[in-house]
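Morning, everyone. I have one chain to show today.

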Amino acid sequence: DTAEASTERLLADAVLDRLAVPRRILVGGLGLGVTLAELLTDVRVDRVDVVEIEPLLVRWLRSGLVPPVDAALADPRVHVTVTDIRDVLRDAVISTYDGVLLDVDNGPDFLVRPANAAVYRTASMRDVARALVPGGVLAMWSAARSSDLMTTMADEVGPCEEVVRTVEREGRPMTYHIHLARRRT
């Protein structure tokens, strides 16, 4: 939603802040385009590949339903594919991306789509590691801390850290998490 989007911007900033040269970025999950728009504010970014599983969402956003997003989608650096992020990661050329940002669900413990559980598992993390350049960064948004996810990321991608942000939603504090891993060199 658009009521509180600071953690979606934080997802982008967490990757941009950790990369000297964030030329090529993969975003899994378009949402309302907040993360994409934040990535595009950085002139170092040459290309953003966005993968969204829901074609209707892409059509709505391109139609101007959320005015700033249609401009972001029209940016020549942006390339949108409507498919499952797991397919893109599995088929990615080795060492393609400086950063991979995944915001495909509410995290491994609060799934909206049960099929998204696979995104958080070992096979997908191996695919992410293969798609990242050495030293590249994976960032995953989650509505809650996930020790199991952090362990899988550390085992398959590399050293991990977590960024936590507490925001106020509907008069109560909510804590969100960005799980980060840097690919081993």
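From the N terminus on, the elements run α-β-α-β-α-α-β-α-β-α-β-α-β-β. That comes to seven helices and seven strands. Keep in mind that this is a predicted model.

Overall dimensions next. The radius of gyration is 15 Å, close to the 16 Å that the globule rule gives for 185 residues, so the chain is as compact as a globular protein of that length. Along its principal axes, the C-alpha trace spans about 40 × 40 × 30 Å.

How much of the chain counts as buried? Of the 185 residues, 51% do. The accessible surface comes to about 8700 Å². Carbon and sulfur atoms hold 51% of that surface. Now contacts with a separation of 6 or more: residues 24 or more positions apart account for 70% of them.

Two places to look at. Leu 56, Trp 60 and Leu 65 make a nonpolar patch of about 300 Å². Leu 56 sits in helix α3, residues 55-62.

Now Gly 107. Find it in the loop between β4 (97-102) and α6 (122-131). Buried or exposed? Gly 107 is at 0% relative accessibility, so it counts as buried; the cut-off is under 20%. What does Gly 107 touch, leaving out residues up to four places away in sequence? Tyr 120, Trp 141 and Ser 142. One more distance: the C-alpha atoms of Gly 107 and Ala 117 are separated by 8.5 Å, with the two residues 10 apart along the chain.

That's my tour. Over to you.

Notes: Residues numbered from 1 in each chain as written. Predicted model: local features only at pLDDT ≥ 70, side-chain atom pairs only at ≥ 80, totals over all residues. Heavy atoms only, no water. Patch = residues over 30% accessible without salt bridge, like charges linked within 9 Å, V, L, I, M, F, W, Y side chains within 5 Å. Areas by Shrake-Rupley, 256 points an atom, 1.4 Å probe, with all protein chains shown as cover. Salt bridge = Lys/Arg side-chain N within 4 Å of Asp/Glu carboxyl O. Helix = DSSP H or I, 4+ residues; strand = E, 2+ residues; numbered from the N terminus. Buried < 20%, exposed > 50% of the residue type's maximum accessible area, 1.4 Å probe, protein only. Contact = heavy atoms within 4.5 Å. Rg over C-alpha atoms; globule rule 2.2 N^0.38 Å.
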